[in-house]
Structure formats: structure tokens, C-alpha cells
Amino acid sequence: MPNKPLSVPALLLLAGIGAAMPAAQADDYGTTTTLKLGSGLSNLTLGWLEIPKNMINTSNQTNVLFGISGGLFKGLLHTVGRTLTGAVDFLTFPVPTEPIAHPEFVWQKFSDETSYGPAFTSGTFKDPKPAPAASPYSKL
């Protein structure tokens, strides 16, 4: 059986769905996917900059000797992480999610530690909500 092209009602349905999308969502989609594509491509190609970044930051936090050795090892690990997450972001850029690596680009917030999206955290949050105060009458 030969392949049938999309019928006119199906094309009208697709056009109607596309026209029904609010302009704010279209801008947000375009901005999010462009950021994800750009950060994915830059992290894929420039992930190796994590090595000098971590050597400098570790030297500033401790001493030069440990900064060179420990920073090199830490930088190699973050190079692999940033390059792989860059590849994932580059391949999945049409899906409107935030980039995995934070900061999004290796040169942003150079003194901050690189972290990887919420899917890769150990269950801790940067801004946890405080526990509600216990009422003195709650134990009665």
C-alpha cells in the first residue's frame, strides 16, 4: 500500500494547534531551546576549560600544590561531565528544559563550582524551605 500524504483535516488540525499557542509560550520555547542549543554546543566543544578553571579555583581555596594536583583531577572529572551533558543538551535541544550543567557556560561565574541539573543532585536543594515551626500544642 503506498504512503498516503497527510489529509487536509489533519493539516488543518496541526495548523490550528500551532495557531492556538500563545505568543508568550512561543517566546519562552524559543528562548529556552536556543539557550539549551547554545550551551550544549559550547559545553560539548569547550568542556576541557574545566581543567584550568578547577586548578585556579582549588589553588585559591587551598594552596598551589594541591590546586595543581587536586584541581587537575577535579577538572578532568568536570570535563567529562560538562562534555557529556553538553552532548545531551545539544541532542535534546528541541525539548524545552533547562540546560543540565550549571552555570550554563564554563566561563560564567568562573569561581563557582560546576553542578549538574536537578536530575543529578544527591537529594539536596540549594534553597530548601525551612521546616514549619512546631506548635507548643502539637504534643497534647
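Here are the questions and answers, starting with confidence.

Biologist: Which helix of the protein chain has the highest mean confidence?

Modeller: Happy to start there: this is a predicted model, and the protein chain averages a pLDDT of 77, with 65% of the residues at 70 or above. Helix α1, residues 8-20, is where confidence is lowest, at a mean of 51. At the other end, with a mean of 94, is helix α3, residues 50-61.

Biologist: Where is the pLDDT below 50?

Modeller: Where pLDDT is low, the predicted coordinates should not be read in detail. Beyond near neighbours in sequence, residues 121-125 have one contact in the model, and their pLDDT is below 50. The other stretch also has one such contact, and it covers residues 18-26.

Biologist: In what order do the elements of the protein chain run from the N terminus on?

Modeller: The secondary structure comes to four helices and two strands. Read from the N terminus on, the order is α-α-α-α-β-β.

Biologist: Is T58 buried or exposed?

Modeller: T58 sits in helix α3. Leaving aside neighbours within four places in sequence, its contacts are N63, F66, G67, G71 and K74. Its relative accessible area is 6%, under the 20% cut-off, so T58 is buried.

Biologist: Which residues does N57 contact, leaving aside its neighbours within four places in sequence?

Modeller: N57 is also placed in helix α3. Its relative accessibility is 10%, which is under 20%, so N57 counts as buried. With those sequence neighbours left aside, the contacts of N57 are F110, S111 and D112.

Biologist: Which two residues does a cis peptide bond join?

Modeller: Look at the loop between β1 (101-102) and β2 (115-116), where P103 is placed. The omega angle of the bond is about 0 degrees, and the residues joined are H102 and P103.

Biologist: Is K109 buried or exposed?

Modeller: K109 has its place in the loop between β1 and β2. Its phi is near 45 degrees, a positive value in a residue other than glycine. The relative accessible area is 58%, over the 50% cut-off, so K109 is exposed.

Biologist: What share of the accessible surface of the protein chain belongs to carbon and sulfur atoms?

Modeller: For the chain as a whole, buried residues make up 25% of the 140 residues. The accessible surface comes to about 10,100 Å², and the share that belongs to carbon and sulfur atoms is 72%.

Definitions and conventions. Residues are numbered from 1 along each chain as its sequence is written. This is a predicted model: local features need pLDDT of at least 70, side-chain atom pairs count only at pLDDT 80 or more; totals for chains, interfaces and linings use all residues. Side-chain values use heavy atoms; hydrogens and water are left out. pLDDT is the predictor's confidence in each residue, from 0 to 100. Contact means heavy atoms within 4.5 Å. Buried means under 20% relative accessible area, exposed over 50%, partly exposed in between (1.4 Å probe, protein chains only). Accessible areas come from the Shrake-Rupley method with a 1.4 Å probe; for residues, only the protein chains shown count as cover.
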